[in-house]
2 protein chains.
Amino acid sequence: MTAPGKGARAGRTTLAVACVLTLATSSQGLLTTASKVDGRYLYNFGVVVLLAETLKLAISVYLLQKSRAQDPEGTVMTKEVRTAVLFVVPSVIYVLHNNIQFLFLKYVDPATYQILGNLKIVTTGLLFRVFLKRRLSKLKWIALVMLLVGATTSQIGGCDGHALSAPVAGYFFGILSAFMSAFAAVYSEYIMKRNNDSLYWQNAQLYFFGVIFNFLSLTVQDIRNGFHHGFWLFTMFHNFTGMTWLVVANLAGTGLLVSWVMKYADSIVKVYATSMAMLVTMVLSIYLFNLVATLQLFLGILGASISLILYYMRPEDLSVAEGPEPLGLPTTAPRKTST
Amino acid sequence: MTAPGKGARAGRTTLAVACVLTLATSSQGLLTTASKVDGRYLYNFGVVVLLAETLKLAISVYLLQKSRAQDPEGTVMTKEVRTAVLFVVPSVIYVLHNNIQFLFLKYVDPATYQILGNLKIVTTGLLFRVFLKRRLSKLKWIALVMLLVGATTSQIGGCDGHALSAPVAGYFFGILSAFMSAFAAVYSEYIMKRNNDSLYWQNAQLYFFGVIFNFLSLTVQDIRNGFHHGFWLFTMFHNFTGMTWLVVANLAGTGLLVSWVMKYADSIVKVYATSMAMLVTMVLSIYLFNLVATLQLFLGILGASISLILYYMRPEDLSVAEGPEPLGLPTTAPRKTST
């Protein structure tokens with residue numbers, strides 16, 4: 001992957017990467033669904049994540065070496081503990097977030113879980129403003145709320161008229177989870193952009209800690225279970241199929257694309273890519289799993305598309321067509337009359 | 001009612017009238033529902049419409065006389081057959097539209113009828129452009145589509161996953177009906193604005209023909225039925241209650257407000273008022289008829305509100321907050337690297 005240039009070219013590169021990320025995220029959903037048997041993973045999903053982290057680390061180190069060979073001076077690498085430590089945080093957030101989502105799911109049903117998950121769209125905007133000090137225009141805020149409305153509309157269930165009737169704790173963990181998710185995105189953007197370091201070098205550090213944390217997490221799980229299923233390392237490829245390896249490859253690819261987006265675009269691009277991916281997945285599911293297209297999906301896609309247009313519209317585009325007043329139609333009252 | 005002045009004051013007057021129209025339209029739905037017994041009208045609804053037309057005619061003639069007494073020169077009244085004939089058309093459209101809606105309902109269920117009815121939002125925009133030659137900005141078009149999405153979202157039914165599965169004829173009459181409805185609005189705007197005539201004088205002509213058409217329509221109905229129920233004139237107040245008279249008063253008031261809007265504002269203001277009224281009615285119904293608030297209603301209201309903001313926002317408001325880039329975060333790639 002190449003860093004984009006300036007102006008229009010950068011815009012086109014970002015758009016292309018965002019589209020690929022959307023498709024990759026969408027296939028992630030489809031692949032994981034397809035890799036399940038009777039709705040369950042037969043393989044160890046933690047191992048899949050570990051393998052993906054390892055693959056990302058390997059690719060980043062390879063690209064870093066190539067970059068150093070070709071352009072030794074251009075490949076900036078800050079080597080200091082103070083900076084490296086920053087790359088530990090995403091792994092910590094990942095573990096924390098997983099635990100919060102687990103608690104969250106204890107209080108709400110999967111439909112409500114999915115619907116409240118959309119709150120990350122607005123929390124990302126908020127933290128983007130608060131932590132990265134980036135001001136969004138009124139129109140961009142409206143667009144984000146619109147994306148939230150569109151994404152949620154597409155998920156309105158069939159017969160459960162009492163959607164969103166969760167206990168207070170459910171809402172609490174839902175909102176907490178949305179803020180964690182937003183914080184993870186905004187923090188990544190911060191560490192990727194805070195200096196001129198090579199993306200590959202930043203990735204190498206990020207995934208290095210990712211591998212360690214996932215290795216530890218799998219081991220801790222086994223210890224907690226009293227090695228009931230044995231040690232994960234000895235059974236790690238148990239029930240792996242070609243589909244499982246596709247999930248690994250997809251997870252790794254998506255992760256690398258997100259890193260690129262955080263460095264050269266921003267968290268909002270990621271929010272759009274993942275929300276659009278959700279809609280693409282729903283449309284593809286209709287064809288793949290023979291589902292019925294619902295009106296709410298159609299309306300959700302319309303809403304999300306409008307949001308995308310509003311967010312990335314140039315201000316000039318908004319008023320150009322406001323033409324001259326037509327002939328013969330006075331716009332203000334022709335005369336003042338009184339009752 | 002007084003004609004608005006120019007600029008901000010006119011804007012405020014229009015907003016106030018639009019709000020009153022919204023509330024009046026909303027109570028119209030609630031009053032007619034409340035006036036039914038076991039879901040049926042016990043009284044003759046045609047008589048209610050005739051009485052409302054008569055009331056509007058009486059009020060308009062009264063206000064016209066008062067206006068002429070106070071400001072004889074300011075009360076412009078074009079008296080020519082060529083102009084008066086134009087006021088016959090709305091009555092003709094009304095009869096035609098009623099018949100089309102009757103056919104439309106033969107092919108689709110009430111839920112689909114209601115949902116397809118929202119198409120008038122976009123058809124009004126189209127005819128507004130085509131017949132009144134008024135250009136809408138891209139943002140205003142987006143806002144109208146957004147209003148369509150919001151209104152439709154609020155109406156998504158519970159368990160019928162197969163919404164909008166109507167025969168082709170159903171869609172045909174739905175679209176035809178939406179165009180008729182839009183044409184009626186745009187045509188009214190045209191005749192009200194084409195000259196400087198006093199609103200009261202225009203109303204007097206409009207409702208004069210309204211009274212005649214409704215009188216004839218009731219009589220024709222009786223003839224068709226072979227006077228099975230007797231002649232309507234002798235039983236016109238049959239089963240009238242206080243609630244029925246409220247419906248008459250409300251229908252008359254709403255009609256007068258719409259005339260004002262067509263003369264001093266435009267068809268789009270009417271579209272917003274009626275769409276918002278639908279949402280207000282749904283919210284009030286929850287309290288009045290003990291219904292459950294649905295997520296789709298909430299999302300629909302959010303969508304429609306966003307639409308309203310987008311449509312009536314000044315372009316300056318949209319980009320002001322686009323602040324300076326923050327410290328420490330380069331927006332373009334710090335250096336070009338290559339793979």
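**Core packing and helix geometry in the predicted model**

Apart from neighbours within four places in sequence, A:V261 is in contact with A:V17, A:L21, A:V269 and A:K270, two residues being in contact if their C-beta atoms, placed from the backbone, lie within 7 Å. A second, separate core of five residues includes A:F104, A:V108, A:L116 and A:F173. The largest nonpolar core comprises 151 residues, and those with the most contacts inside it are A:V48, A:V261, B:V48 and B:V261. A nonpolar core is here a set of buried Ala, Val, Leu, Ile, Met, Phe, Trp, Tyr and Cys residues joined through C-beta atoms within 7 Å. A residue is buried if 20 or more other C-beta atoms lie within 10 Å of its own, exposed if 12 or fewer, and partly exposed in between, with C-beta atoms placed from the backbone.

The model is predicted: local features require pLDDT of at least 70 and side-chain atom pairs count only at pLDDT 80 or more, whereas totals for chains, interfaces and linings use all residues. Residues are numbered from 1 along each chain as its sequence is written, while chains are lettered from A and ligands numbered from 1 in the order in which they are written.

Chain A contains 13 helices and zero strands, where helices (H or I, at least four residues) and strands (E, at least two) are DSSP runs numbered from the N terminus. Of the 339 residues in chain A, 40% are buried. Among contacts in chain A between residues at least 6 apart in sequence, 89% join residues at least 24 apart. A:T123 counts as buried because it has 22 C-beta neighbours inside 10 Å. The C-alpha atoms of A:T123 and A:F183, 60 residues apart along the chain, are separated by 8.4 Å.

Two packed helices are described by the angle between their axes and the distance between the axes. Axes are lines fitted to C-alpha atoms, for helices over the stretch in contact, and angles run from 0 to 180 degrees between N-to-C directions. Helices α2 (residues 45-70) and α10 (residues 242-264) of chain A pack at about 50 degrees, with their axes 8 Å apart. This angle makes α2(A) oblique to α10(A), given that angles under 35 degrees count as roughly parallel, over 145 as roughly antiparallel, 65 to 115 as roughly perpendicular and the rest as oblique. The crossing of α2(A) past α10(A) is right-handed; a crossing is left-handed if the near helix is turned anticlockwise from the far one by less than a right angle, and right-handed if clockwise. Residues making the contact include A:V48, A:L55 and A:I59 of α2(A), and A:V247, A:L251 and A:G255 of α10(A).

In chain B, helices α7 (residues 138-154) and α11 (residues 267-288) pack at an angle of about 25 degrees, with axes 10 Å apart, and are therefore roughly parallel to each other. The crossing of α7(B) past α11(B) is left-handed. Here B:L147, B:A151 and B:S154 in α7(B) meet B:S275, B:M278, B:L279 and B:M282 in α11(B). The axes of helices α4 (residues 89-107) and α9 (residues 199-224) of chain B come within 8 Å and cross at roughly 35 degrees, in a right-handed crossing.
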